[in-house]
Structure formats: structure tokens, C-alpha cells
Amino acid sequence: MSSMQTPSLPPTYDAQEVEERLYAWWLERGFFHAEPDDPGEPFVIILPPPNVTGSLHIGHALVASIEDAMIRHARMTGRNAVWVPGMDHAGIATQTVVERLLAQEGKTRHDLGREAFVERVWAFKEESGGAILRQHHKLGASLDWDREAFTFDEQRSAAVRKVFCDWYEQGLIYRGYRLINWDPQAMTALSDIEVEHETVRGELAHVRYPTLDGGEGVVVATTRTETMLGDTAVAVHPEDQRYAHMVGTMLRLPLIGREIPVIADEHVDPEFGTGAVKVTPAHDPNDYEIGLRHDLPMVDIMNDDATINANGGPYAGLDRFEARQRVKEDLDRLGLLVSVEPYEHSIGHSSRSKAVIEPRLSEQWFVKVRPLAERAAAAVREGRTRFIPERNAKGFLDWLDNLHDWCISRQLWWGHQIPAWYGRDGAIHVLREDPSPEEIERLGLQRDPDVLDAWFSSQLWPFTTLGWPEETPELRAWYPNTVLETGYDINTFWVSRMLMAGLSFMDDVPFRIVFNHGMVRDGQGKKMSKSFGNVIDPMVFIDAYGADALRFALLRAANPGQDAPLAEEWVEGARRFANKLWNAARFVLQILGGRVPERPEGVALTLEDHWILSRLEASRAEVDEAMTEWDLGRVARLAYHFVWDEYCDWYLEMAKLRTGAMAAGADADAARWTLAHVLDQALRLLHPLMPFVTEEIWRTLHDADEDATIMRAAWPEPAPTHRHAGTEDQFAAVQQAVVALRRFRAAHQLFPAARLTVIAVAGPGRQRVLSAGVAGIQRLAGVDSWTFADAAPSQGALGRIMLDGVELFVPLAGLIDLDEERARLVKERERADNEVTRARRKLGNAQFVAKAPAEVVQAERDKLAQWEQVRATLASQLDLLG
């Protein structure tokens with residue numbers, strides 16, 4: 001650092017003012033922008049695209065804090081770092097929001113028609129969408145906003161169409177009649193990730209299915225009685241001897257009269273219910289698989305709105321839940337309802353409409369995932385993409401190995417419309433370009449009205465954000481991405497699809513590392529929920545405490561793959577940390593006297609100088625180690641401990657002795673250089689976690705011009721010559737003395753102004769260790785006089801403090817009331833006597849020693865030893881009082 005005028009900082013840190021001003025300046029100067037040909041090894045993160053309708057919740061805040069820390073660290077270490085922002089058009093979520101707005105006007109989308117409705121959604125997106133990205137500004141996210149993408153913009157739409165057509169031509173996309181998740185309120189198919197399962201208190205009905213001649217037949221158990229209208233078999237386990245004689249016989253389906261077979265299938269659990277289960281292939285995923293294995297008819301009994309259709313016979317037109325009740329009543333009247341009992345079970349609900357999901361057969365578009373999933377699984381097993389933490393790879397691979405074909409069509413209007421047309425002859429035409437009016441008329445073409453699942457476009461995010469399908473410089477430089485940072489809960493649904501798509505179209509994995517964060521929970525570890533009343537609004541916390549405080553509190557609790565607890569008092573504590581750093585910097589700037597000196601040549605640094613430099617190097621090395629696996633929780637804890645506990649509480653206080661207003665000379669300059677150098681390095685280590693306060697202090701410390709920013713400053717380099725274990729041991733002795741003397745003062749309730757005289761009895765080696773730090777001990781522990789002696793004073797009342805290899809004696813006359821002190825010590829000794837007597841009595845009990853666990857007996861022996869030591873110390877202190 002060169003000599004320069006160093007301006008001061010305001011008395012208090014105004015987070016709101018600093019953060020707003022600095023972010024605007026960062027944007028103006030283009031510090032977040034990167035180009036493919038910038039120097040350095042590429043480091044690429046693509047922001048998981050939040051929904052265009054969303055607002056920043058605490059999970060988003062954790063994602064942004066982690067990814068921003070990663071990208072800022074990469075910049076400072078000389079990488080060509082880019083962090084690409086964007087939004088997801090979020091088909092069903094966005095359509096639902098706009099339909100609710102229309103409902104307030106007394107309209108539906110059908111009143112507008114498809115074209116006008118889509119225009120209305122685009123207008124909503126332009127007016128109200130994207131708020132969540134603007135909220136990322138408040139967090140300090142250093143995203144390259146010049147590269148903002150949208151899953152439904154023109155470029156991404158062209159890529160989606162190419163992928164659909166390519167996969168269709170490769171036989172990987174097909175139209176088929178299969179079981180899907182159906183939302184009867186939104187009236188669309190849903191992917192598995194759009195289904196939320198929750199445990200509900202329902203009922204289990206036992207129903208008798210008689211034989212064709214009216215015999216007893218079989219009793220089955222079901223939670224969805226109305227679906228029996230679509231039953232086409234009853235299944236039992238092949239090894240269940242109770243039903244061996246029934247396999248291959250026919251039963252009469254109650255209420256409908258259809259003849260259905262009894263079949264044997266290993267899927268059946270003999271322990272569930274009666275061991276016999278009804279098989280409804282059109283309305284249950286497990287039954288669907290059984291139906292395929294046994295070539296059973298598949299009878300769909302539902303309309304799109306979950307009313308019963310004509311296949312339900314006399315129940316046609318009833319809502320499914322109304323039909324459930326009517327079916328039970330009719331079965332009871334016929335004497336076929338054996339019993340109904342309460343039963344807790346998991347039911348799928350639409351994540352958007354909250355309606356109960358209906359598994360049903362439907363003609364939809366699917367991706368044949370097996371060949372894609374095999375390549376993705378191989379990439380993980382071969383280490384081309386690895387997970388942090390590693391344990392998450394197992395569940396991911398298990399899921400990939402058992403993946404079913406992916407239903408990609410949605411019965412919505414907002415989204416990428418499927419590029420398929422149906423001719424009057426029934427032929428399907430999947431086209432890369434829209435057909436001409438002449439072709440439409442000649443072939444009688446009608447376009448498929450469905451749109452693609454929003455995950456279909458977001459699976460392409462790692463390469464479409466870089467310009468694919470064009471061969472761009474960005475794509476050449478920045479694919480594969482370096483790391484995908486995301487929650488472990490969407491590894492299977494999103495990460496898997498990106499891996500499959502990346503390998504299919506780029507012939508390489510989309511990212512080298514999948515870094516999983518956990519869920520943000522409240523301070524007691526409970527899931528945040530409106531019903532619990534514990535939901536945290538990050539914007540409220542930012543307004544109250546500042547973005548740095550929220551980020552630091554989140555990151556301090558965020559260990560890779562583990563859930564991160566958060567409480568308001570922790571955010572408040574992080575703000576106190578920012579204030580502590582601010583006040584320390586103000587002091588340093590003040591004592592620098594308007595200049596930051598060069599490191600003094602030929603001047604011996606003091607013990608405390610060497611100690612703080614050694615601790616800085618140790619902390620840097622530990623932070624670097626933690627950053628290799630992005631263990632940001634450990635980074636935060638290391639930085640906090642170094643700045644608060646070591647730099648501020650110890651070094652700063654000791655340096656004050658050498659840097660006061662009248663201090664001058666080489667020693668003062670050495671202290672000033674050390675203060676400034678360590679502050680500069682600490683700010684760099686902290687910057688990825690707390691970008692605003694570190695930028696403001698760093699720029700002030702260096703009186704930086706408009707082109708200088710800490711985010712482009714070099715990350716602290718290793719300085720192995722600064723590390724010295726002997727120095728740290730020596731300074732630890734000083735710390736031990738200060739802490740012991742402070743405890744002595746507290747135990748005797750001495751006023752801060754009371755000054756101590758200390759006589760230290762130590763051997764020559766220990767004297768040398770302590771001598772270098774005596775001035776600091778005196779300042780920090782309120783000691784007026786410190787002398788070394790060969791033995792304890794022989795006269796006068798004394799206090800005694802035992803340290804490692806040192807005894808400190810403090811003359812008490814004039815400091816305390818000796819009679820009160822004597823009475824206090826006598827009382828404490830009596831307590832110690834009682835504890836020793838109790839422990840000896842207990843250990844003298846042979847039954848206790850023989851029967852109690854070994855660790856309990858040992859704990860009692862340890863207590864006895866501790867109390868005997870306390871008693872001996874108290875006796876010695878009483879002797880010293882005279």
C-alpha cells in the first residue's frame with residue numbers, strides 16, 4: 001500500500017444508504033459484466049430461473065447469497081467469472097395468477113379467447129413480472145444483467161422448438177395414452193414435481209366382490225371407493241395361500257356388474273388390508289403397471305372436471321367425492337360394505353390449484369427417458385458431474401435408474417405451444433416452421449392446443465442462456481457451466497433433466513458440480529409455514545438490518561446439503577458484526593493519521609504484530625480450504641472469529657498503546673502498517689459474504705478512484721512465512737494472563753478504575769514469554785505495576801492466580817474489604833468440603849460402584865478430583881490473606 005490521504009467513515013454504518021448507493025455504482029461501472037474472451041479460467045453459474053410471478057422468499061435469498069459468494073470469490077481469484085440471470089415463464093403458475101385477475105373482472109380466459117388471453121399474460125409479465133429479479137438488487141447479487149434471459153423469449157422459444165423436433169425425429173418424443181397426474185381444477189396434466197403430497201385423515205373401506213354365482217368372493221380394501229367403477233381385476237400376491245384357489249376365477253364387480261378376474265401379482269402387499277386389492281388401471285399408477293403386465297382393460301371413469309363419465313353407469317354426472325358417498329351407501333344397502341375405518345394416508349395435491357390430483361389415463365405427449373437417463377446416470381457414476389455433498393448422488397442415481405417416461409404436454413394456453421398439427425387423415429405433422437395457409441387448407445391441419453411443461457424449457461437453461469442453438473463465443477467459452485447451485489429437493493426433477501438434455505444436445509454434461517443447499521428453517525429447526533406463523537420475509541429483514549446482515553446470518557448456518565436455521569436475533573447479531581467491523585475500521589483510519597504507511601524496513605515487529613499476521617495466515621488457509629468445497633458456513637464462522645475475537649478484541653486493543661496521538665517512530669509505523677494490512681486482507685476474505693460493508697470500508701481505506709472496487713481486488717495470497725506456531729503459543733500466554741486477571745477483577749467486583757499491582761513468579765523461560773506482552777497485559781487488564789520475582793511476597797494479604805507455569809500475586813490491601821473476602825472464601829470452602837464429602841460417600845458405596853455404568857462412576861470420580869482441587873486452592877487463598 002502506498003502513502004495516500006485516507007478519508008474517514010461516518011460515526012455509524014447506514015446500511016440502507018450504503019447498499020443503495022453502492023449497487024447503483026456497481027451497475028453503472030459494469031463490474032458484474034464478463035466477456036467470453038476475458039482472461040482467466042472460466043467460472044460459470046446460471047441462476048436457477050425464478051418464476052416470473054414470484055417475489056423473493058427466504059429460500060431465494062439463500063440461493064442468491066450462496067451463488068453471489070461463489071462468483072465474487074471467483075472474480076477475486078482471477079477467474080473469468082459470469083453469473084447469468086433469468087426468469088421462468090412458469091406456465092401453470094402464471095396462467096393461474098392471470099386467471100384470478102380476470103375472475104375479479106367477472107371473466108374467464110375463454111371469454112377472451114386464446115390469442116387475447118396470451119397477450120394479456122404478456123402484458124402482466126411486462127408490468128408486474130420480474131419483481132423478484134429487481135429484489136436481487138437489494139441482496140447485492142452481482143449478476144451479469146446484460147445477459148438476462150427468459151424461458152419464453154424468442155431465442156429460448158426457438159431452442160425449445162428445435163429440441164422438440166429433434167427428439168421427435170429421433171423417436172424420443174411420442175404421443176401416447178398413459179396414466180398421468182390430472183388437476184381437475186386447472187384441467188391440465190401435471191409433472192410429478194407439481195404434485196405436493198400431504199398426509200390426511202381419510203377412511204379405508206372394505207368391500208365384498210362376490211363370485212359370479214353370488215358366493216362370498218373376496219373382500220378388498222380401498223381409500224377411494226368411487227374408483228371401483230373402473231375396476232378390471234382383483235389382485236393377490238402369488239404366494240398368499242389364502243387366495244391360491246381363487247386365482248384365475250371370475251368375480252362380479254358390484255354396482256356395475258362387470259365380470260373381472262382374480263390375478264396374482266408380486267406388487268400386492270399381503271399385509272395390507274385383506275391382502276386382496278382392487279385393480280383400477282386407469283386411476284392408479286401401481287394398478288396401471290399391473291394392468292400393463294396382465295393386459296387388463298383400462299376403464300376411465302372421469303371427465304376432465306373430475307365428475308363421473310358414462311363409464312360410471314348410474315353415477316354419471318356426479319362429482320367424484322359425491323360419487324364416493326353414493327357408492328358406499330349403495331354398497332351398504334346391498335350388504336357388500338363390510339366395514340369403514342379411519343385411515344391416515346398420503347394424497348397428492350396440485351401445487352398451484354391445491355385440488356386433489358386424480359391419476360387418470362389421458363392421451364398426452366411423452367419423452368422416452370430411458371436412453372437419456374442411462375447417459376445421465378453414467379456421467380454421474382464416472383465423475384463427470386459430482387455432487388456436493390457426495391451422499392446426494394445415491395438417491396439421484398436410484399431415481400434415474402427407475403425413471404418413467406415424462407409427460408410433457410399441458411392443457412394450458414400460456415407456454416410453448418407444441419409444434420404438432422393433425423391432418424384430416426389423422427396424421428401427425430411435427431414441424432420446425434409453422435405451415436403456410438395453403439398447407440393448412442390442403443391437409444386440413446389443426447394445431448395441437450397443448451403447451452409444453454415449463455420444465456421442458458428450463459432443462460435447456462445451461463446452454464440456451466449462452467446462445468444455443470447458435471454456436472456463440474459464450475457457448476464455446478462457458479459450457480459446461482462450472483457449478484449448478486440448487487436445493488436438494490429438485491435434484492430429481494430439474495437436475496436430472498438438464499443432465500439428459502445437455503448430454504443429448506451438447507454431448508457433454510451441463511455442469512461439473514451440483515452443489516446442494518438445504519431448506520431454510522426457523523431458529524428451532526421447524527419448516528417455515530404460514531400455518532406455523534414463522535415465515536420470514538427477507539425484504540423486511542433487509543430493510544431492518546441490511547442485506548449484509550441477512551446474507552451473513554444465512555451463510556453462517558448454511559453447511560453444504562444441510563438445512564439452514566434462521567432467527568431474527570441471528571440477523572441482528574450479524575448486523576452487530578458489521579457495526580463492529582465498521583467501528584474497528586473507523587479507529588484504524590483515525591490512527592493512520594491520513595496515511596497508510598509502507599511496511600517498515602529493518603524494524604522488528606512486536607509479539608502482537610507477529611501473532612496477528614500468523615493468525616491472519618492461518619485463517620486465510622482455513623478459508624481457502626473451506627472454499628474448495630464451498631463450505632460457506634465454515635468460511636463465515638472463521639471470518640467472524642478472526643475479525644471479532646482476534647483482530648478487534650486483542651490486536652486492536654494492544655495496538656492502541658503504540659499508535660496514540662503522540663506515538664511516532666518506527667514502532668508506531670509498524671503497528672499502523674499491521675493494522676491497515678490485516679484490515680485490508682480481512683475485508684477481502686469477508687467480501688464474498690458481506691459485499692457492501694467491505695466495499696465501503698476498503699474504498700475508504702485506499703481512497704479509491706471510481707474504477708477501483710474490492711470485487712476486482714486480488715484474493716489474499718498465501719504468506720507461509722507469517723505463520724509461526726511459537727508466536728501463537730507465546731501470545732496465548734499473554735491472553736491467558738489477561739483473561740485470568742479480568743476474572744479476578746470480576747470475582748472481586750472491582751471498579752474499572754481500580755488498578756492492580758501484579759507480582760509474577762515464573763521461571764526464566766516463562767518470563768521471556770510474558771515479557772514481550774507485559775505492556776498489553778497492563779493495558780487490557782488494568783494493571784499499574786507488573787514485576788517478576790523469584791518467590792511470592794512474604795507479607796501482606798494477597799490474591800493468587802495460577803497460570804500455566806506462572807503464579808500471579810495481587811496485593812489486596814486497599815483494593816477490597818479483607819474481612820468480606822475472608823468470609824466469602826470461607827463460605828466457598830464450606831461448599832467445597834460438602835461436595836467432597838458427598839462424592840466420597842457415593843464412591844464409598846460398593847453397590848453404586850459395581851452397578852452404575854462405568855462412565856457415571858468415572859464422572860463422579862472426576863467431580864471429586866475437581867472439588868478437591870477447588871478446596872486446596874481456597875485454602876491457599878485463605879492462607880495468603882493472613
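The model is a predicted one. The description begins with an open sheet of four strands, which follow the order β27-β26-β29-β28 with mixed pairing. At its edges stand β27 (783–789) and β28, each of which pairs on one side only. From one strand to the next, the twist averages 25 degrees. Two helices may be described together with this sheet. Helix α24, formed by residues 725–747, packs on the sheet and touches β26 (756–762), β27, β28 and β29. The direction of helix α24 makes about 145 degrees with that of β28. Helix α29, formed by residues 854–881, also packs on the sheet, where it touches β28 and β29. For helix α29, too, the direction makes about 145 degrees with that of β28.

Strands of a sheet pair through backbone hydrogen bonds, and they do so either parallel or antiparallel. Strand β28 (residues 798–803) and strand β29 (residues 806–811) run antiparallel and are joined by six bridges. Within this pairing, Arg-800 has Phe-809 of β29 as its bridge partner. The two strands form a hairpin with two residues between them, and in this hairpin Gly-805 adopts a positive phi near 75 degrees.

Attention now passes to a single residue in another helix. Gln-681 is located in helix α22, which covers residues 666–686. Is the residue Gln-681 buried or exposed? The relative accessibility of Gln-681 is 12%, so the residue counts as buried, given that the term applies under 20%. When neighbours within four places in sequence are set aside, the contacts of Gln-681 are Leu-616, Pro-716 and Glu-717.

A probe the size of a water molecule, rolled over the atoms, shows where empty space is left. How many cavities of 30 Å³ or more does the count give? The count comes to four cavities of that volume. The largest cavity holds about 60 Å³ of space. Its lining consists of Gly-91, Ile-92, Glu-194, Arg-410, Leu-412, Trp-414, Val-451, Leu-452, Asp-453 and Ala-454. Two or more residues of this lining come from each of the elements α3 (91–104) and β21 (451–452). Sorted by class, the lining of the largest cavity comprises six nonpolar residues, one polar residue and three charged residues.

Note on methods
Residues numbered from 1 in each chain as written. Predicted model: local features only at pLDDT ≥ 70, side-chain atom pairs only at ≥ 80, totals over all residues. Heavy atoms only, no water. 1 Å grid on protein atoms, 1.4 Å probe; cavity = no way out; pocket = protein on both sides within 12 Å on 5 of 7 lines; lining within 4 Å. Points joined across faces, edges and corners; volume = space filled by probe spheres on them. Nonpolar A, V, L, I, M, F, W, Y, C, P; charged D, E, K, R; others polar. Pairing = 2+ DSSP bridges. Axes fitted to C-alpha atoms, helices over the stretch in contact; angles between N-to-C directions. Contact = heavy atoms within 4.5 Å. Buried < 20%, exposed > 50% of the residue type's maximum accessible area, 1.4 Å probe, protein only.
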